[in-house]
Amino acid sequence: MIRQGGVGDVGAVLSMFDGAVEFLVSRGREGQWGSRPFTGDARRTEQVRGWAEGGGMRVAEVEGEPAGCVVVGPAHAYVTPAVEPELYVQALVIDRRFAGRGVGRALLDWAAGEAVRRGVGLLRVDCYAGGDGRLVGYYEQCGFTRVAPFSVGEWPGMVLERRL
């Protein structure tokens, strides 16, 4: 089930990011989100709270437990704007307990459906493109194609799109 996220989900979403950071660090891939937990970081807490209050956050549940989160809205300021109307995936995180169960794909499919419901034919996302490139590959497996690399300081990213 995918439902509207709200302020009551902030702790669960921060915890999802904490688990993802721990997983990535354990595999030597701290370039994506760093090495510090999101929980307890005022900036990260405010970011997740903003998503919750902004209306674009959805939470996937598996057996009544929050299993993943997607946030949609306008593109981030650090990417080149699209030349047509779009919906942008601002964030995607899966609780590690539910990894490999299709939660991320279901949330991305929900985002694609939401774009169609809004009359938009373009869904874009950006992600970390460093390290082993597995994250870019994941989005490609979910129907996205590479559009353009970019950097934010030393952080390498890739913009991907999915035509609907």
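Before we look at how two helices meet, let me say that helices (H or I, at least four residues) and strands (E, at least two) are DSSP runs, numbered from the N terminus, and that axes are lines fitted to C-alpha atoms, for helices over the stretch in contact, with angles running from 0 to 180 degrees between N-to-C directions. What we have is a predicted model, in which local features need pLDDT of at least 70 and side-chain atom pairs count only at pLDDT 80 or more, while totals for chains, interfaces and linings use all residues. Residues are numbered from 1 along each chain as its sequence is written, and side-chain values use heavy atoms, with hydrogens and water left out.

Let me begin with helix H3, residues 103–117, and helix H4, residues 134–141, whose axes come within 10 Å and cross at roughly 60 degrees. That angle makes H3 oblique to H4, since angles under 35 degrees count as roughly parallel, over 145 as roughly antiparallel, 65 to 115 as roughly perpendicular and the rest as oblique. On the H3 side the contact (heavy atoms within 4.5 Å) is made by Gly 104, Arg 105 and Leu 108, and on the H4 side by Tyr 138, Tyr 139 and Gln 141.

Turning to the interior, a nonpolar core is a set of buried (under 20% relative accessible area, 1.4 Å probe, protein chains only) Ala, Val, Leu, Ile, Met, Phe, Trp, Tyr and Cys residues joined through side-chain atoms within 4.5 Å. The largest such core has 27 residues, and Tyr 139 and Phe 144 are among those with the most contacts inside it. H3 gives the most to this core, with seven residues. Leaving aside neighbours within four places in sequence, Phe 144 is in contact with residues including Leu 108, Tyr 139 and Leu 160. A second, separate core has 16 residues, Val 10 and Ala 91 among them.

Technical notes
Buried means under 20% relative accessible area, exposed over 50%, partly exposed in between (1.4 Å probe, protein chains only).
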